[in-house]
Amino acid sequence: MEDIMLYVHIPFCVKKCLYCDFLSAPADGESQSLYVDSLIREMEQKSLVAKGRNISSVFIGGGTPTILSDANMKKLLEAINNIYKLSENTEFTCEANPGTVTKEKLMLMRKNGINRLSFGVQSMDDEELKLLGRIHSAADAFESYKMARECGFENINLDIMSSLPGQSEVSYAKSLEKAISMNPEHISAYSLIIEEGTQFYEKYHEDVLKCSKGEKTIFLPDEDVEYAITKLTEKMLGEAGYHRYEVSNFAKEGRECRHNCGYWLRRDYLGLGLGAASLIGHTRYKNISDLSEYISIYNTAANTDKKDTLLRENSIATTENAVHENGVETSNISTYENREELTVMNEMEETMFLGLRLVSGVSEKRFYEKFGVEVTEVYGERIRKLTEQGLIKKENGFFSLTDRGFDLGNNVFSCFLFD
Amino acid sequence: MSIDQSRIRNFCIIAHIDHGKSTLADRIIEKTGTLTDREMQSQVLDNMDLERERGITIKSQAVRIIYKSKAGEEYIFNLIDTPGHVDFNYEVSRSLAACDGAILVVDAAQGVEAQTLGNVYLALDHDLDVMPVINKVDLPSAMPDEVEKEIEDVIGIDASDAPRISAKTGLNIDDVLEQIVTKIPAPTGDKTAPLQALIFDALYDSYKGVIVFIRVKEGTIKPGMQIKMMATGATEEVIEVGYFGAGQFIPCDELPAGMVGYFTASIKEVRKTQVGDTVTDVANPCAEPLPGYKKVNPMVYCGVYPADSAKYGDLRDALEKLQINDAALQFEPETSLALGFGFRCGFLGLLHLEIIQERLEREFGLDLVTTAPGVVYHVHKTDGTMMELTNPSNLPDPSEIDFMEEPVVAAEIMVTSDYVGAIMTLCQERRGVYKSMEYIEETRALIKYDMPLNEIIYDFFDALKSRSRGYASFDYELKGYVKSELVKLDILINREQVDALSFIVFKGSAYERGRRMCERLKEEIPRHLFEIPIQAAVGGKIIARETVRAMRKDVLAKCYGGDISRKKKLLEKQKEGKKRMRQVGSVEIPQEAFMSVLKLDEE
């Protein structure tokens, strides 16, 4: 059977960052414990999905997973190891925020199979960090990174964010230079996107308003600065021995994030925890995103009655699901708030707009094997137009973005959507 | 029930905008108990949402109320509310023809304004008795004595016993009601004479068909009667007659001479009902029609297009429906290379345009794109003929043009003395020709200018308000046409001319206009994969240029936790956004860009 990947979501953080629109919020220790218990229950319920399948990667993301107490972390990791069949080769990543790790915790994580860390460094400039509402300083990042190395982690990613308020090419270059000097295996360099519903969104719009009244504000870099920063990133990372393998990901040879590539290649993944998304076969799922609801569904001790009711309510709705071939819904309990059956056309769209994010691009052969039709039969006209515009190219049986295509990816991606 | 003509009072309320006309109407209706408290809502007669929101009256409305006088006699009041804005003067004049008298409301703090004068003159033209009322005496800034004197000095009517009221608080409304009885004459007319009734409005009701609003001058109209519209010649059988309750139609047996009310007939074709026409009895016709109204001609034209080209038919239906009771609205089909099929519509002014546009969008759920408004130019050709140009695209080749004329209005601006300088500067900037200035009182002046209409149709009103901090008021009327140096300004986007963006402009302003237009379009047109020159040209000569630079960076950053659905939604949104744009050559132009030129003069 095909490999499968696991994503485990920890929706907690010390303090919500100003730009963050992920499912995450501060919570007390008791809620965290209840959540971990529920999460383990969900893993058990959904263990069938991965039965007999090799787990190629596990990714614990957040929030800030390292905010969990050592006891909770241990419980969670042991459960993952017990329930799923991890191998020597499984890439096992955990996100961490500078300042939230201790030697004890890192040792515990390593002992329980985690072999890759991803630090949300974002910037190495304290002013910028403050603007983002991050809780750590550049010195914290150095410190935590050093600690991880001392604990034996050999595969570390640093997240670096560009297009920050008031950022210039110069300040960004300094920040990136510091990150490079730390010599991580992988750098994720992406630009800030102002998402609706975040504190930044409101602040930014206030700024626009103020600016229209002639007041001085901290502005976000415009498209030209953003462009310059992208070019700078490619150049600096290239010179330092990191190659780009995806729109915003750079790695040393052989250190590409397997889990990340799996998303773009549309490998199956099982999402566990609050709001987690899954792709199993031809179906995408998304878990419910209300924490107390999630806990009450899974936490037997806390709410037996409620669970019984839910079980009864769901047993009817999920009778047909109970025999679902992939087993993702064999449990009586459904935590999905959204379930999308993908049509062949959806899958073609995804294959293109996700696959093209990778430098390697979309394999003509793989497309044909999967859909039984040539990619050029489906997308010939669009491919011709995009090629003419210099946004994509074809080499050795792969369609991929040109340099300009990488800068203007959205124009390419949206082109592959059907009407 | 027989109606005693001497107990009928047909009147309207006229006022400058914001002087409290609709509020006074509310109080009168409230005091006479026509509506229960539950039914009472602010601005009863402004029943369009748009009217309530903007606090203005757009359409005339009528209501019948019963008033018991202090002497214990019962009177029928037919109150007709009228619009205050200069753009809707024609509506006012229609309503006035149905009345015998008018209540003039003057704000105790603001005094006599340009439109106060305009409306009084209109009322006097219709031989109405004008009864002044001083409103808002509860305001701290109220100066009722000064205002009383002003009414007498400026307007020349006796205001010594004008009720001093507050329509807001209800103060002295009883005095107003009593004066309606004593000061406004009862209607005249013989109810046994041949029917002669004036159509002053009409509306379309999906159940009843066309509802015709009439003032019966002579004779009586009742159901079953065969009637004839004298101008269109249409004959119909009357199905129902009635009067206006507040917000509803109340049927009755007959409407005798002197009454205001409505009738319905099996009128299929709305065009057969023309406001201003005279209705008479087929069996016993009157000798001649009533004078009717002065025909109103649109002064401002613009292209109106459905944002979704499939809605062309819906737009036509909607315009036809609006035209039933808005004779001033004119439209004819036109096509644009950039915008497809639409209509060239004529309006009385920019407010009228805005109102119609909003009504089309709200009442008919249409999404519209409008082009820059223009006026009617007279193009005198070398062959001696003259064409009326309403669409810049139709301008003949310069070699065929002898000369052109543009409409000029006589503008009257009332302003406090502090802002006289600023307002005069504004008028000069807009090519105004100074006529006169007189001080109505020590601190307020009436300035008169002759101004080209095309200089005031964009945003003159806004500029006036901002430069006078809201203290200036403005009225105008068409004076005639004068010879002018005019040119057609074309806009080229990526070297292709966009017809919907062309407009006629005074030669001396062409450069400035062209430059601003390019600047504005540069902001509106998103970056494309290639560089897009935006040029303004007069007669093939480029006079201004801006460039929309090529797109450099547009890519979604990383995707979190495998939430692909969300990523796809973002891409779909981007794609959808492109679909809503108008394709001109290889450039996608957002619909807003076509309208942004309306706001060209914002500083």
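1. Of the 603 residues of chain B, 57% count as buried, where buried means under 20% relative accessible area, exposed over 50% and partly exposed in between, with a 1.4 Å probe and protein chains only. The model is a predicted one, in which local features need pLDDT of at least 70 and side-chain atom pairs count only at pLDDT 80 or more, while totals for chains, interfaces and linings use all residues. Residues are numbered from 1 along each chain as its sequence is written, chains are lettered from A and ligands numbered from 1 in the order of writing, and side-chain values use heavy atoms, without hydrogens and water.

2. Chain B holds 13 helices and 32 strands, these being DSSP runs numbered from the N terminus (helices H or I, at least four residues; strands E, at least two). Among its contacts (heavy atoms within 4.5 Å) between residues at least 6 apart in sequence, 69% join residues at least 24 apart. One place to look is B:Thr416 in strand S22 (residues 401-416), whose C-alpha atom is separated by 4.3 Å from that of B:Arg444, 28 residues apart along the chain. Leaving aside residues up to four places away in sequence, B:Thr416 touches B:Thr443, B:Arg444 and B:Tyr471.

3. Between the chains, 46 residues of chain A are in contact with 27 residues of chain B. The area buried between them is about 3,500 Å², of which carbon and sulfur atoms give 52%; buried area is the accessible area (1.4 Å probe) that two parts lose on being put together, summed over both. A:Glu223, A:Asp224 and A:Asn410 supply 17% of the area that chain A buries against chain B, more than any other three residues.

4. Some backbone geometry deserves a second look, given that most residues other than glycine have a negative phi, and most peptide bonds are trans. The peptide bond from A:Gly62 to A:Gly63 is cis, with omega near 20°, and A:Gly63 lies in the loop between strand S2 (55-62) and helix H2 (70-83) of chain A.

5. A:Gln122 belongs to strand S4 (residues 116-122) of chain A and counts as buried because its relative accessibility is 4%. B:Arg431 sits in the loop between helix H9 (420-429) and strand S23 (433-441) of chain B, and it counts as buried because its relative accessibility is 18%.
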